[in-house]
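Student: I've got this one open in the viewer and would like to talk it through. Can we begin with the strands?

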Amino acid sequence: MSTTTVTVPGTECPADVWVPEGARAVVVVVPGATWTRHGPETQALVAALHGEGLATVVADVHPHAEAERRFAVTLLTDRLAAAVTWVREEMTAGPVGLLVEGIGAGAALSVAAQSPTVSAVVSVNGRPELARHPVEQVRAPVLMLVDGVDPAVAELNRTAAAAMGGRAGVRVVAGVTGQEVAGDAAEWLARTMITEPDQRGGAHGSGE
């Protein structure tokens, strides 16, 4: 692991970078309201992602108490976009995915709507209705993990997924701590960013 800083609008944010040998894609993990940068939730997510051959950038771009929520999403969107740009300029690990929770979903979908650089998004109990750009503009595949405890949040995710059509899906899971969703999130990201593109490339190359 190496620790660096990512220059984002208004400040610099710390980021932990891991690149396992042979990594072919990178996931930007955004600690949020319940995940902390070095906490057990984030560590479980990072370990699962590495197990699937994915590099990780744990970028502490969440504004936390810096702004009220209605302003925090805009600030987080700008910072996450800057972090994605940093990854593309500083790393060579292939496609870029985003793994977020809570209001981070609004920011991640906004970035994905504006940037073809984003290849996949996973949100955990996300708030997609806070996106600053229409989710219909998102072209990357999206997986929304919800625990179903709060029916309103689950319905918000279903509504957003419907707006994105076949590119997005909602999966109800038993729990949404980092430890509980790590396996599902890592497997889906690896399959979406590496396995399925490889299969499509192989089929194209063989003439099938």
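Tutor: Four bridges join strand 3 (residues 26-29) to strand 4, and the two run parallel; strands here are DSSP runs of E with at least two residues, helices are runs of H or I with at least four, both numbered from the N terminus, and two strands pair if DSSP finds at least two bridges between them. Before we go on: this is a predicted model, where local features need pLDDT of at least 70, side-chain atom pairs count only at pLDDT 80 or more, and totals for chains, interfaces and linings use all residues. Residues are numbered from 1 along each chain as its sequence is written, and side-chain values use heavy atoms, with hydrogens and water left out.

Student: What is the bridge partner of Asp16 in strand 4?

Tutor: Strand 2 (residues 11-18) pairs with strand 4 too, in the antiparallel sense over four bridges. For Asp16, the partner in strand 4 is Val58.

Student: How many residues of strand 4 are buried?

Tutor: Buried means under 20% relative accessible area, exposed over 50%, partly exposed in between, using a 1.4 Å probe and protein chains only. Ala55, Val57 and Ala59 point one way and Thr56 and Val58 the other, and all are buried. For strand 4 (residues 55-59), that makes five of five.

Student: Is Thr192 buried or exposed?

Tutor: Thr192 sits in helix 5 (residues 178-206). Leaving aside neighbours within four places in sequence, Thr192 is in contact (heavy atoms within 4.5 Å) with Ser119, Ala120, Pro141 and Pro197. Because its relative accessibility is 9%, Thr192 counts as buried.

Student: What is the phi of Asn125?

Tutor: Asn125 is in the loop between strand 6 (118-124) and strand 7 (142-146). Most residues other than glycine have a negative phi. Asn125 isn't a glycine, yet its phi is positive, about 45°.

Student: And how is the lining of the largest pocket split by class?

Tutor: Asn125 is among the residues that lie nearest the centre of that pocket, which is lined by 17 residues. Counting Ala, Val, Leu, Ile, Met, Phe, Trp, Tyr, Cys and Pro as nonpolar, Asp, Glu, Lys and Arg as charged, and the others, Gly among them, as polar, the lining has seven nonpolar, five polar and five charged residues.

Technical notes. On a 1 Å grid over the protein atoms alone, a cavity is a set of points where a 1.4 Å probe fits but cannot get out, and a pocket is an open set with protein on both sides within 12 Å along at least five of seven lines; lining residues have an atom within 4 Å of a point.
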